[in-house]
Amino acid sequence: MPCDAADARIFAKENFLSLYNALHGTNLPLSCPVENIRLDNIMYMNIVNDVSCLVDNKIIVLAEHQSTINENMPIRFLQYIARLYEKLQTPADRYLRKLSKIPTPEFYVFYNGVKDYPETITLKLSNAFITKSEQVPLELTVQVLNINKDKGNKILKTCKTLDEYSLFVEEVRSQTQLNPENGFTNAVKICIEKGILKEYLQRKAREVINMLIAEYDYDTDIAVQREEASKIAFAKGISQGFRQKALQDASNFKRLGVSVDIISQATGLTQAEVEALN
């Protein structure tokens with residue numbers, strides 16, 4: 001393995017363990033085994049740098065950053081973890097009479113958006129259930145951590161990399177407001193000069209800039225899709241409303257003894273549709 005690739009792996013592992021220790025109040029050393037078990041080519045999540053690692057008999061699933069909170073994260077994580085367990089277990093394990101132990105999952109989202117949001121909040125799968133019961137048959141919780149500097153989340157004090165990442169996000173936000181065209185590039189340069197994520201940005205500057213641009217394009221694309229979906233739903237609603245009105249009018253006319261042919265012309269319904277009405 002080339003030295004730069006090996007260094008990158010060690011750097012990534014060191015950062016992950018730093019975050020894990022900050023989350024759990026532990027002090028796992030760099031020698032602790034960490035296995036990347038992220039699913040490839042499966043878009044259950046839209047953030048390109050989500051992390052799924054097996055460490056200390058736990059599966060830690062991280063949506064590394066979101067600028068907008070998605071309250072559907074529990075169901076998305078549920079779908080994702082099910083596929084991870086499929087990957088970790090052999091098909092035969094599911095049919096053993098003896099209990100087959102599985103790693104404990106934990107789910108985290110780091111929020112860095114501009115909208116005001118609590119320092120920490122928990123999203124629950126059960127909040128999406130249509131009917132509620134005293135005994136919840138299935139639960140999955142997602143811990144959302146607000147890593148904006150003004151919130152002073154305690155995890156930023158214990159994880160240097162995450163603290164620098166929050167500073168990087170602030171710089172990106174500031175520079176893109178000042179210079180929309182070159183903001184991403186300027187933010188990377190300034191952070192390198194300030195020593196913020198310096199080693200990582202020096203090695204991955206172009207990839208980071210491309211990722212930021214892709215994320216921006218993704219957000220824009222999603223906004224456009226939502227607007228289009230809203231327009232379609234609105235138009236569909238109007239169409240359905242007109243049809244319901246036509247059916248109601250046709251039914252009333254029919255009860256008054258108006259001929260099927262005239263009702264069809266007046267309401268726009270077919271004669272077959274009119275004849276089918278009670």
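This is a predicted model: local features need pLDDT of at least 70, side-chain atom pairs count only at pLDDT 80 or more; totals for chains, interfaces and linings use all residues.
1. Overall make-up. The protein has 8 helices and 6 strands. Along the sequence they come in the order α-β-β-β-α-β-β-β-α-α-α-α-α-α.

2. Burial and surface. The protein has 278 residues, and 34% of them count as buried.

3. Contacts along the chain. Take the contacts between residues at least 6 apart in sequence: 54% of these join residues at least 24 apart.

4. Length of helix 2. This helix covers residues 73-88, which makes 16 residues.

5. Buried side of helix 2. Which residues of helix 2 are buried? They are Met73, Pro74, Arg76, Phe77, Tyr80, Ile81, Leu84 and Tyr85. When reading such a list, recall that an α-helix has 3.6 residues a turn, so residues three or four places apart point the same way.

6. Asn148, position and burial. Asn148 lies in the loop that runs between strand 6 (141-146) and helix 3 (155-158). Is Asn148 buried or exposed? Its relative accessibility is 8%, and the cut-off for buried is under 20%, so Asn148 counts as buried.

7. Asn148, neighbours. The side chain of Asn148 makes a polar contact with the side chain of Asn146, at 3.0 Å. Leaving aside residues up to four places away in sequence, Asn148 touches Tyr111, Asn112, Gly113, Leu156 and Arg173.

Key
Residues are numbered from 1 along each chain as its sequence is written. Side-chain values use heavy atoms; hydrogens and water are left out. Helices (H or I, at least four residues) and strands (E, at least two) are DSSP runs, numbered from the N terminus. Buried means under 20% relative accessible area, exposed over 50%, partly exposed in between (1.4 Å probe, protein chains only). A polar contact is a pair of N or O atoms within 3.5 Å; within protein, one must be able to donate a hydrogen and the other to accept it, and residues adjacent in sequence count only if both atoms are side-chain atoms. Contact means heavy atoms within 4.5 Å. The expected span of a helix is 1.5 Å times one less than its number of residues.
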